[in-house]
Amino acid sequence: MDDCISDLLGQVLNIAYDNDIAVIMRPFHHPDTPPCADCETRTIILNSNWREHNALPMHAAHEVEHILNGDTGTLYYHNCYAKYGSEGAANRGAVGILVPLYFADVEPEDANLFQFMDNLCIPSSLESWVNSTIQNFYLEK
C-alpha cells in the first residue's frame, strides 16, 4: 500500500482509538468482503485484502462515523454511493474526517478535488459534498 494511503489510514484508526472504537483489520480470503461496524460493541472490522487498497481510509472513516453518529446494529459497507439516511451520513462524516487529514499540508491552489476522490476511491456520487467540504476546510483554515 502506498505510504500516503497507509499514513492516512493510520490517522483514521487513531481517531477510532481516541473515541474508544476497537479496530479489527485482517485479510479476509475474498477481496470483496466488505468492512463493517458493530455499533453495540464499538468495533469496526476492515478487510486488509480489499480489492482497492486505496479505499481503506474511506472504509475506516465511514465505519467510524457509524459509531460516532450513534447508529445501531451491525452495518456493512455495501452502499458506498448512498447520499441519504445513515449510510449517507456516514459517507459525509467520512469525507469530513478525511479532508483535513489529506489536505493538511496542501496549499489551496494545489487542492485537487478529483485527485483526492480518485486516490481514495471515493464515489463520484459524493462529488458535490466533497467539493463543499474542501472549500469549507480552506475557509476555516
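This is a predicted model: local features need pLDDT of at least 70, side-chain atom pairs count only at pLDDT 80 or more; totals for chains, interfaces and linings use all residues.
**Exercise 1. Work out how Asn47 sits in its surroundings.**

Let's start with one end of its side chain: a polar atom there lies 3.0 Å from the backbone oxygen of Thr33. Residues are numbered from 1 along each chain as its sequence is written, and side-chain values use heavy atoms, with hydrogens and water left out.

Next, find Asn47 in the fold: it belongs to strand E3 (residues 43–47). Is Asn47 buried or exposed? Its relative accessibility is 2%, so Asn47 counts as buried (buried means under 20% relative accessible area, exposed over 50%, with a 1.4 Å probe and protein chains only).

Finally, list the neighbours. Leaving out residues up to four places away in sequence, Asn47 touches Arg26, Pro27, Phe28, His30, Pro31, Asp32, Thr33 and Leu56 (touching means heavy atoms within 4.5 Å).

**Exercise 2. Describe how H2 and H3 pack.**

Grab the two quantities you need: packed helices are described by the angle between their axes and the distance between the axes. For H2 (residues 56–68) and H3 (residues 85–102), the angle is about 120° and the axes are 8 Å apart.

Last step, who makes the contact? On H2, Pro57, Met58 and Ala61 are among them, and H3 contributes residues including Ala90, Gly93 and Leu98.

Key: Axes are lines fitted to C-alpha atoms, for helices over the stretch in contact, and angles run from 0 to 180 degrees between N-to-C directions. Helices (H or I, at least four residues) and strands (E, at least two) are DSSP runs, numbered from the N terminus. A polar contact is a pair of N or O atoms within 3.5 Å; within protein, one must be able to donate a hydrogen and the other to accept it, and residues adjacent in sequence count only if both atoms are side-chain atoms.
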